[in-house]
Amino acid sequence: MSLPITLRARHILPISGEAIEDGWLRIERGRIVAIGRRKPPGPVQDVGPAIILPGLINAHTHLEFSDLSAPLSGAGGLPAWIERIVALRRLRPDGQTEALRLESAIDAGLYESALAGVTGIGEIATALGPCAYRGKGGPRLRVYREAIGLSPAAIVRASSSLVRDCKHLSQGSVAAGISPHAPYSVAAPLGTQLISTSRTLGLPIAMHLAESREEAELLATGGGPLRSMLENLGAWPTLTPPTLLSAADWITLVAKAPRGLIVHGTFLGDDRRGAALARLSRHRDRLCVVVCPRTTALLSGVLPPLSLFQSEGVRVAIGTDSRASNPDLSVLAECRRIVDAGLVSPIEALTMATRNGAWALMQEHRSGILALSRPADLVILMPTGHHPDPYQAALDPTTSVMATLRNGKTITP
Ligand SMILES: [Zn+2]
């Protein structure tokens with residue numbers, strides 16, 4: 001159990017309210033018990049010109065690739081990148097060697113995330129993964145068990161161990177979820193089954209949706225580069241062509257889950273009838289979008305259409321995606337990318353990276369803001385120079401992470 005402590009800093013950014021200049025907060029038994037301005041009662045740990053804000057939430061990543069030293073090439077867009085990923089996976093040995101590699105990659109990703117100020121992660125786990133998350137320290141995890149299946153046999157395989165894996169995850173210190181991979185890799189019957197399981201178990205859904213133009217082409221015409229990629233990989237069932245759902249129909253389906261995370265959504269606005277966006281907006285009390293700006297730039301050559309989501313009143317959270325498409329797991333770097341591009345203000349980006357991320361992972365009652373009686377999940381940032389705007393200072397590239405706390409205890413070495 002952490003000792004009671006009062007932290008004093010030049011700025012405290014609760015995100016749920018105004019910035020507090022010359023502020024302090026008191027932590028007892030891992031929770032925030034008081035927040036104030038100027039001189040606090042009792043002994044104080046003064047962190048000087050630091051900025052304290054809620055721990056960052058990386059709402060979408062795949063930690064299994066955290067041992068890659070550099071991202072794979074984005075040439076050829078998503079279909080070519082997926083072929084590279086599958087080739088990488090097929091090179092890996094089976095059995096114990098891969099289990100150990102996976103565990104150490106996850107550890108590396110958790111360690112890197114804690115160093116980057118992250119206290120909550122929305123993680124996607126393949127069918128092999130769930131055992132590898134047991135007993136982990138570091139950031140809080142919501143692990144979405146991924147399912148892929150186009151042919152009848154693949155659908156049976158995908159669903160056979162799903163409930164067992166989700167229950168296994170929920171028994172540990174990890175929160176579980178379910179992830180239908182994408183509209184081009186999950187046939188309609190499997191999708192219906194996954195949503196029904198999420199309702200029965202009360203688990204949230206995360207799904208890659210409208211990530212590429214090629215996805216829209218496949219759903220509209222049944223062909224294109226994504227179909228060729230699936231055929232090359234032997235994943236397209238030629239005898240019994242799969243029934244695929246449109247992005248709009250997936251949104252309706254995912255909205256039946258207790259909470260739904262639409263990953264990317266980059267091309268949702270391309271639907272000429274506007275059905276997909278309209279449905280997303282209609283279900284915004286249950287659905288939000290997580291954008292991964294640097295990955296979208298690499299694989300699609302654009303940045304996420306943030307103003308479109310904002311104009312529909314849809315919450316947006318931030319993810320890094322994996323180190324297979326991104327050089328690191330820094331949520332602050334993702335924020336910087338969209339602020340530098342003029343898409344959002346620093347305070348909007350930091351709200352996406354904290355409060356909205358916590359909501360996305362269905363953890364809004366325990367993280368995302370600094371407030372009384374909440375767990376003390378927070379990050380202490382140290383700016384190098386003097387910035388009049390603390391939100392801007394938090395995103396300055398020269399600002400460093402001094403410490404990351406979960407439940408009032410440091411998770412950075
Ligand atoms: Zn992803």
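Visitor: Which residues have the most contacts inside the largest nonpolar core?

Guide: A nonpolar core is a set of buried Ala, Val, Leu, Ile, Met, Phe, Trp, Tyr and Cys residues joined through side-chain atoms within 4.5 Å. Buried means under 20% relative accessible area, exposed over 50%, and partly exposed in between (1.4 Å probe, protein chains only). Here the largest core holds 76 residues, and Leu268, Leu280 and Phe309 have the most contacts inside it. Helix H8 (residues 247–254) gives the largest share, six residues; helices (H or I, at least four residues) and strands (E, at least two) are DSSP runs numbered from the N terminus. Because domain 1 (5–54 + 369–410) and domain 2 (56–360) both contribute residues, this core lies between them. The domain bounds come from an automatic or database domain assignment.

Guide: On the basis of the model, it is predicted: local features need pLDDT of at least 70, side-chain atom pairs count only at pLDDT 80 or more, and totals for chains, interfaces and linings use all residues. Residues are numbered from 1 along each chain as its sequence is written, and side-chain values use heavy atoms, with hydrogens and water left out.

Visitor: What is Phe309 in contact with?

Guide: Contact means heavy atoms within 4.5 Å. Leaving aside neighbours within four places in sequence, the partners of Phe309 include His264, Gly265, Leu268, Leu280 and Val316. A second, separate core of 19 residues includes Ile82, Val86, Ala182 and Trp236.

Visitor: How much area do domain 1 and domain 2 bury between them?

Guide: Buried area is the accessible area (1.4 Å probe) that two parts lose on being put together, summed over both. For domain 1 and domain 2 the value is about 1700 Å², with 64% of it on carbon and sulfur atoms. Ile15, Leu395 and Arg406 supply 38% of the area that domain 1 buries against domain 2, more than any other three residues.

Visitor: How many salt bridges are counted between domain 1 and domain 2?

Guide: A salt bridge is a side-chain nitrogen of Lys or Arg within 4 Å of a carboxyl oxygen of Asp or Glu. The count between the two domains is one. Asp377 and Arg140 meet through their side chains in a salt bridge, at 2.6 Å from N to O.

Visitor: Is Arg101 buried or exposed?

Guide: Arg101, in helix H2 (residues 96–115), counts as buried because its relative accessibility is 17%. Beyond residues up to four places away in sequence, Arg101 touches Glu64, Asp67 and Arg92.
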